[in-house]
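Me: I would like to go through this model with you, one region at a time. Please keep the answers plain.

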Amino acid sequence: MTVDELVSQMDKRSPSAHEDRVHRFEELIGATLPGDYRRFLIACNGGYLGGSLWYTRPGLSGRHAHVGINHIGGFRDESHFSLESARASYQDPEELRIPLELLWIMDDPFGNAFCLGIEGPSRGRVYFWDHEEEPDPDEWDGSVENAGNLLRLADSFEAFVEGLRPLDEVPA
């Protein structure tokens with residue numbers, strides 16, 4: 001699947017994100033977004049798939065991924081579509097749940113997240129974050145390497161999108 005095909009599959013799309021809006025968000029998070037994801041945001045600014053597209057390839061860390069996409073983040077008022085709301089919720093320094101070097105970009109129908117690396121060795125990579133396997137906050141150092149609940153899916157946003165398939169094409 002291509003990024004254009006992904007955008008055409010989405011419901012509840014917002015108008016494109018303006019370049020200035022993306023730049024303000026990058027200033028807020030203290031990182032420049034990877035180019036392929038930045039172009040995607042400008043093209044569609046989030047939307048809804050409701051589990052109609054699935055990523056079913058082996059994860060790059062050895063485990064197999066079989067996960068569907070529900071909400072896709074953007075610069076939206078609705079909290080379940082909002083990149084800013086997700087950043088505040090999952091990455092509050094007082095209650096860190098997703099490593100700061102990652103950015104929540106979408107979720108699955110079960111409350112798990114797809115995250116994009118925005119800095120360090122994770123930059124550009126796409127991960128699946130399993131909320132049921134979160135590390136003990138008293139023992140976790142906040143890093144990707146020690147989270148234990150992350151599955152690396154792809155080394156770029158475009159490679160992640162290439163691995164998406166419609167639900168009716170997903171093997172049972």
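Me: To begin with S3: how many of its residues are buried?
Reply: Six of the six residues of S3 are buried, so the strand is mostly covered. Buried means under 20% relative accessible area, exposed over 50% and partly exposed in between, with a 1.4 Å probe and protein chains only. Strands (E, at least two residues) and helices (H or I, at least four) are DSSP runs, numbered from the N terminus.

Me: Before we go on, what are the ground rules for this model?
Reply: The model is predicted: local features need pLDDT of at least 70, side-chain atom pairs count only at pLDDT 80 or more, and totals for chains, interfaces and linings use all residues. Residues are numbered from 1 along each chain as its sequence is written, and side-chain values use heavy atoms, with hydrogens and water left out.

Me: Which strand pairs with S3, and in which sense?
Reply: S3 pairs with S4 (residues 113–117) in the antiparallel sense, over five bridges. Two strands count as paired if DSSP finds at least two bridges between them. Asp107 has Ala113 in S4 as its bridge partner. The hairpin has five residues between the strands, and Gly111 there takes a positive phi near 90°.

Me: What does S3 give to the largest nonpolar core?
Reply: That core has 52 residues, and Leu6, Tyr37, Phe40, Phe157 and Phe160 touch the most other members. S3 gives the most to this core, with five residues. A nonpolar core is a set of buried Ala, Val, Leu, Ile, Met, Phe, Trp, Tyr and Cys residues joined through side-chain atoms within 4.5 Å.

Me: What is Phe160 in contact with?
Reply: Leaving aside neighbours within four places in sequence, Phe160 is in contact with Tyr55, Ile69, Met106, Phe114, Val126, Leu153 and Ala154. Contact means heavy atoms within 4.5 Å.

Me: Turning to S2, why is it described as largely enclosed?
Reply: S2 (residues 67–72) is largely enclosed by the rest of the structure because six of its six residues are buried. S1 and S2 run antiparallel and are joined by five bridges. Trp54 stands opposite Gly68 in S2.

Me: Now H4. Which of its residues are buried?
Reply: In H4 (residues 83–90), they are Leu83, Ala86, Arg87 and Tyr90. These residues cover an arc of only 100° around the axis, which puts them on the same side of H4. The arc is that of the directions from the helix axis to the C-beta atoms. An α-helix has 3.6 residues a turn, so residues three or four places apart point the same way.

Me: And what do they pack against?
Reply: The buried residues of H4 pack against H2 (19–29), H3 (35–44), S3 (102–107) and S5 (126–129).

Me: What happens at the start of H4?
Reply: A side-chain oxygen of Ser82 reaches to within 3.3 Å of the backbone nitrogen of Glu84. A polar contact is a pair of N or O atoms within 3.5 Å; within protein, one must be able to donate a hydrogen and the other to accept it, and residues adjacent in sequence count only if both atoms are side-chain atoms.

Me: Is Ser82 buried or exposed?
Reply: Ser82 is buried, at 4% relative accessibility, and lies in the loop between S2 and H4.

Me: Last topic: how many disulfides are there?
Reply: There are zero disulfides, a disulfide being a pair of cysteine sulfur atoms within 2.5 Å. The sulfur of Cys44 is 17 Å from the closest cysteine sulfur, in Cys115, which is too far for a bond.
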